[in-house]
Amino acid sequence: MNRAFLPLVKSVLVAMLALSSIAHAAEEKKAPKADPAKGEALYTKGDATRNLVACVSCHGAAGNSTIVQNPKLAGQHEAYLFKQLADFRTPQRNNPIMTPISKALTDEDMRNLSAYLVTQVQKPGAAKSKETIDIGKQIYRAGIAEKNVPACAGCHAPNGAGIPAQFARLGGQHQEYTAAQLVNFRSGARNNSQQMTTIAKRMSDDEIKAVSDYIAGLK
């Protein structure tokens, strides 16, 4: 080897060792594995020492909310749940109830809650309006071409199951909750998805209600 290159080789080796050390340190600092059992305890009992109310009081046993303004959380994707809890800490999804709660939770709490809820089985919902079911189905499966609204099924799957770590599970959700979120996206009250904000702004109240009702019946 040409001696002129030795300093360069040494520099490269030093840099590689440094990167290796950084990578190893990052690996050690990885988030601990989520504990669904701890998530269940926090969900069902809360934590009085931190003034955290039990999630079950608003979102129902095993994540099956019976209050139509509050979402069913059972079976929702783990990464999506974690992201939403984190977003409640920011102005992008400010909420008078969830924001204080999420700020009191640790990242570990949020991982544990998400790991518990993803394993729960959602109770099915049902569409209520026979008059709008066909319109809702058309919007969900084919979109609204003249308004450049894409088919919901393209991201959230034909059966509303969504795509883990990317798009939320929607099937079986309360129509009132889904409609409220679309309105919030449209108004900017909820601003944690540019894609959904753009889509919702192109939809009328009637279109939002129709597709939300159809979604409730997906299984």
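1. H4 passes H6 in a right-handed crossing. Right-handed here means that the near helix is turned clockwise from the far one by less than a right angle. Helix H4 covers residues 78–87 and helix H6 residues 107–117; they pack at an angle of about 140°, with axes 8 Å apart. Axes are lines fitted to C-alpha atoms over the stretch in contact, and angles run from 0 to 180 degrees between N-to-C directions. Helices are DSSP runs (H or I, at least four residues), numbered from the N terminus.

2. A word on the basis. This is a predicted model: local features need pLDDT of at least 70, side-chain atom pairs count only at pLDDT 80 or more, and totals for chains, interfaces and linings use all residues. Residues are numbered from 1 along each chain as its sequence is written, and side-chain values use heavy atoms, with hydrogens and water left out.

3. The H4 and H6 contact (heavy atoms within 4.5 Å) draws on Glu 78, Leu 81, Phe 82, Leu 85 and Ala 86 of H4. From H6 come Asp 107, Met 110, Arg 111, Ser 114, Ala 115 and Leu 117. Seven of these residues are nonpolar, one is polar and three are charged. In this count Ala, Val, Leu, Ile, Met, Phe, Trp, Tyr, Cys and Pro are nonpolar, Asp, Glu, Lys and Arg are charged, and the others, Gly among them, are polar.

4. Eight of the eleven residues of H6 are buried, so this helix is largely enclosed by the rest of the structure. Buried means under 20% relative accessible area, exposed over 50%, partly exposed in between (1.4 Å probe, protein chains only). The buried set is Asp 109, Met 110, Asn 112, Leu 113, Ser 114, Ala 115, Tyr 116 and Leu 117. Their cover includes H2, H4 and helix H5 (98–104).

5. There are two aromatic pairs. The rule takes rings of Phe, Tyr and Trp (its six-membered ring) with centres within 6.5 Å; planes under 30 degrees apart are stacked, over 60 edge-to-face, the rest tilted. Tyr 43 and Tyr 116 form a tilted pair, 5.6 Å centre to centre, with 50° between the planes. Tyr 43 lies in helix H2 (residues 36–45) and Tyr 116 in H6, so the pair ties together parts 73 residues apart in sequence. Both tyrosines, Tyr 43 and Tyr 116, are buried.

6. The rings of Tyr 140 and Tyr 214 have centres 5.8 Å apart and planes at 50°, so this pair is tilted. It links helix H7 (residues 133–142), which holds Tyr 140, to helix H11 (residues 205–216), which holds Tyr 214; the two residues are 74 apart. Tyr 140 and Tyr 214 are buried.

7. The largest nonpolar core has 20 residues. Such a core is a set of buried Ala, Val, Leu, Ile, Met, Phe, Trp, Tyr and Cys residues joined through side-chain atoms within 4.5 Å. Tyr 140, Met 203, Val 211 and Ile 215 have the most contacts inside it. H7, helix H9 (175–187), helix H10 (194–200) and H11 each supply at least two residues. H11 gives the largest share, four residues. A second, separate core of 13 residues includes Leu 42, Leu 81, Leu 85 and Phe 88.

8. Asn 159 sits between helix H8 (153–156) and H9, and is partly exposed at 37% relative accessible area. Gly 46, in the loop between H2 and helix H3 (56–59), is buried at 15%.
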